Amino acid sequence: MERAEIMGWTEEVRLAVAGLLATLEPAEWQVESLCPGWTMHELAAHLTLSTRDTLRGALRAAVRARFDFDRMTAEQARERATRFTPAELIAQLREDAGSARRAPGAGPLDPLADFLVHSQDVARPLGRVHAVPLEPTLAALDHVRTSVFWGARKRLRGIRLVATDCDWSGGDGPDELRGTACDLLLVASGRAAGLVEATGPGVQRVAAAL
């Protein structure tokens with residue numbers, strides 16, 4: 001997979017997420033996303049950090065959070081949400097859509113996977129349908145499924161994922177979990193929302209692990 005192809009996908013997905021956020025009504029910015037405790041405003045702020053955080057800033061944030069990654073990212077998002085309005089954050093996302101910069105420690109596919117997953121973190125609690133492109137979603141799914149960082153190896157141990165909207169499968173079983181590529185990506189990233197329409201004996205096993 002060529003880096004230019006990944007960058008093209010990432011730019012497309014970033015612009016689509018910015019477009020989705022631009023449709024939110026004022027009250028919807030305070031609705032909780034699929035990220036527990038994060039409002040849509042805070043989630044948008046988090047997304048802008050993908051291209052704007054620095055190693056020094058990340059280290060300072062890590063020290064303040066006592067090296068708890070989840071706490072660090074939450075604190076960074078909330079602090080940034082106090083500094084920028086939703087309109088300003090959307091503008092930043094559009095401005096940086098084609099940027100090759102990544103958060104410290106992130107690999108080439110991590111920003112793509114992050115934006116694809118977070119698009120659903122925004123859309124689903126609001127009852128929106130936000131379609132994602134299939135090929136980039138499969139690339140992100142393969143990455144997340146095998147990445148140590150995302151935690152899917154442990155979460156999906158003994159589970160074979162099978163896409164219902166294309167010819168794709170991954171994992172060594174013995175229990176199958178079937179769903180759309182988008183839903184499987186959510187499951188691999190630890191979102192229970194991906195299980196809502198999933199089928200197969202793997203559903204209960206994964207649900208117990210989330």
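1. Two strands are said to pair if DSSP finds at least two bridges between them. The model is predicted, and in it three strands form an open sheet in the order β2-β1-β3, with mixed pairing. Strands β2 (169-170) and β3 (175-179) lie at the edges, each with a single partner strand, so one side of each has no neighbour in the sheet.

2. Strand β1 (residues 159-163) pairs with β2 in the antiparallel sense over two bridges. Within this pairing, Gly170 in β2 is the bridge partner of Leu161.

3. Helix α9 (residues 181-188) packs on the sheet and touches β1 and β3, its direction making about 125° with that of β3. Helix α10 (residues 202-209) also packs on the sheet, touching β1 and β3, but its direction makes about 90° with that of β3.

4. Helix α1 (residues 3-22) packs against α6 at an angle of about 20°, with the axes 9 Å apart. Angles under 35 degrees count as roughly parallel, and α1 and α6 are therefore roughly parallel to each other. Residues making the contact include Trp9, Val13 and Val17 of α1 and Leu112, Phe115 and Leu116 of α6. By class, the residues of this contact are 11 nonpolar, two polar and one charged. The crossing of α1 past α6 is left-handed.

5. Helix α6 (residues 110-123) also packs with helix α7 (residues 134-146), at an angle of about 110° and with their axes 9 Å apart. These two helices, α6 and α7, are therefore roughly perpendicular to each other. Among the residues in contact are Asp110 and Leu116 of α6 and Pro136 and His143 of α7. The contact of α6 with α7 comprises six nonpolar, two polar and one charged residues.

Notes
Residues are numbered from 1 along each chain as its sequence is written. This is a predicted model: local features need pLDDT of at least 70, side-chain atom pairs count only at pLDDT 80 or more; totals for chains, interfaces and linings use all residues. Side-chain values use heavy atoms; hydrogens and water are left out. Axes are lines fitted to C-alpha atoms, for helices over the stretch in contact, and angles run from 0 to 180 degrees between N-to-C directions. Helices (H or I, at least four residues) and strands (E, at least two) are DSSP runs, numbered from the N terminus. Angles under 35 degrees count as roughly parallel, over 145 as roughly antiparallel, 65 to 115 as roughly perpendicular and the rest as oblique. Contact means heavy atoms within 4.5 Å. Ala, Val, Leu, Ile, Met, Phe, Trp, Tyr, Cys and Pro count as nonpolar, Asp, Glu, Lys and Arg as charged, and the others, Gly among them, as polar. A crossing is left-handed if the near helix is turned anticlockwise from the far one by less than a right angle, and right-handed if clockwise.
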